[in-house]
Amino acid sequence: MSIPVWHRYSRWKLAKQMKLGAELSPTSAQYQQFIDAWQRQQVIEEAIAQAALDRTLKIDPQSVETTRQALAAELSVLELTAAETEKLVLHQTLLREQLSWVQQQAPLPDDAQVEAWYRGHAQHFVRPEQRYTRHLLLTVEGNSAAVRDQIDAIARRLRDGHELFAREALRYSHCPSAMGGGVLGWVGRGILYPQLEDTLFRLEAGQLSRAVDTELGWHLLLCEHIRLPQPLPKAEALTRVRQQLITRQQEDYQRQWLQQLIGA
């Protein structure tokens, strides 16, 4: 009797996740741990699929296509036949649709729960510091010294009047922001290259940076305004709280459903 394609797929994926090599000894503890995890995965998947069939879950073609696209990279290396591919895609769609349905059965948080959670965690709902930023980039194509001289000359002109930044960016910058006068808009942390972020968040409002070197080339940054950290508007914070609670309750509900399903 042949092994179902989804059994082979789950084994292949689990081995990949656990970073197991082909040379792993079948007598090793790690191999036994892998086999135990794989067998448990089979039990869970079989139970989920059966639950979907028991309630005559209907799958629309678009859902199948969504699964096919999500698995495209993996399917390209699994060397499956066309029939095996269809069986695997259908199985994975069945699992995803059933688990999604289970999550939708979770009770939703009411307004009182959302308000209470917000009051207990209001300090976390803060808009981080941001800098309204203009940017000028000169890329380097083999002659870094000449480009450095050029950007230093631009920086000297800009120190005589920051209102010239838009003109200089439009004329010289290789950044897509050049067409907008170098405007990047409000920039928070985690957006720019580390060297640029470190420089930007050391600037005062209205201050021009020194020339900064990255793998892209040489940069100038102008910090026009600083928006200090501030609490989010309550309505926005409550919306975020509600979504967080919905996600948490759906995950908890799904976990409990699975435990009851397999008797764990």
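View 1. Tyr 132 stands opposite Trp 186 in β3. This is a predicted model, where local features need pLDDT of at least 70 and side-chain atom pairs count only at pLDDT 80 or more, while totals for chains, interfaces and linings use all residues. Residues are numbered from 1 along each chain as its sequence is written, and side-chain values use heavy atoms, with hydrogens and water left out. Strand β3 (residues 183-187) and β2 run antiparallel, joined by 4 bridges; two strands pair if DSSP finds at least two bridges between them. As for element names, helices (H or I, at least four residues) and strands (E, at least two) are DSSP runs, numbered from the N terminus.

**View 2. β2 alongside β6.** The pairing of β2 with β6 is also antiparallel, and it takes in 10 bridges. In this pair, Leu 137 sits opposite His 219 in β6. How many of the residues of β2 are buried? The count is 8 of the 10, so β2 is largely enclosed by the rest of the structure. Here buried means under 20% relative accessible area, exposed means over 50%, and partly exposed is in between (1.4 Å probe, protein chains only).

View 3. (The expected span is 1.5 Å times one less than the number of residues.) Val 147, Ile 151, Ile 154, Ala 155 and Leu 158 are the buried residues of α7. Looking down the axis of α7, these buried residues fall within an arc of 105°, so they line one face of the helix; the arc is that of the directions from the helix axis to the C-beta atoms. Turned away from that buried side are the exposed residues Ala 145, Asp 149 and Arg 156. The buried residues of α7 pack against β2 (130-139), α8 (165-172), β4 (207-208) and β6 (217-227), with contact meaning heavy atoms within 4.5 Å.

View 4. What does Phe 165 touch, not counting residues up to four places away in sequence? Its partners are Arg 134, His 135, Leu 136, Leu 158, Gly 181, Leu 208, Leu 220 and Leu 222.

**View 5. Helix α1 and the helices it packs on.** From first C-alpha to last, the 13 residues of α1 (residues 5-17) reach 18 Å, close to the 18 Å expected at 1.5 Å a residue. The helix has Val 5, Trp 6, His 7, Tyr 9, Ser 10, Leu 14 and Ala 15 buried. Those buried residues pack against α2 (29-54), α4 (72-78) and α5 (82-104). After α1 comes Lys 19, with a positive phi near 55°.

View 6. Arg 242 and Asp 111 form a salt bridge, with their closest N and O atoms 2.8 Å apart. The two are 131 residues apart, Arg 242 in helix α10 (residues 234-262) and Asp 111 in helix α6 (residues 111-121), and so link distant parts of the chain. The term covers a side-chain nitrogen of Lys or Arg within 4 Å of a carboxyl oxygen of Asp or Glu. Arg 242 is partly exposed at 29% relative accessibility, whereas Asp 111 is exposed at 55%. Lys 234 and Glu 115 make another salt bridge (3.0 Å, N to O).

**View 7. Trp 117 in α6.** Trp 117 lies in helix α6. Leaving aside neighbours within four places in sequence, Trp 117 is in contact with Phe 125, Val 241, Gln 244, Leu 245 and Arg 248.
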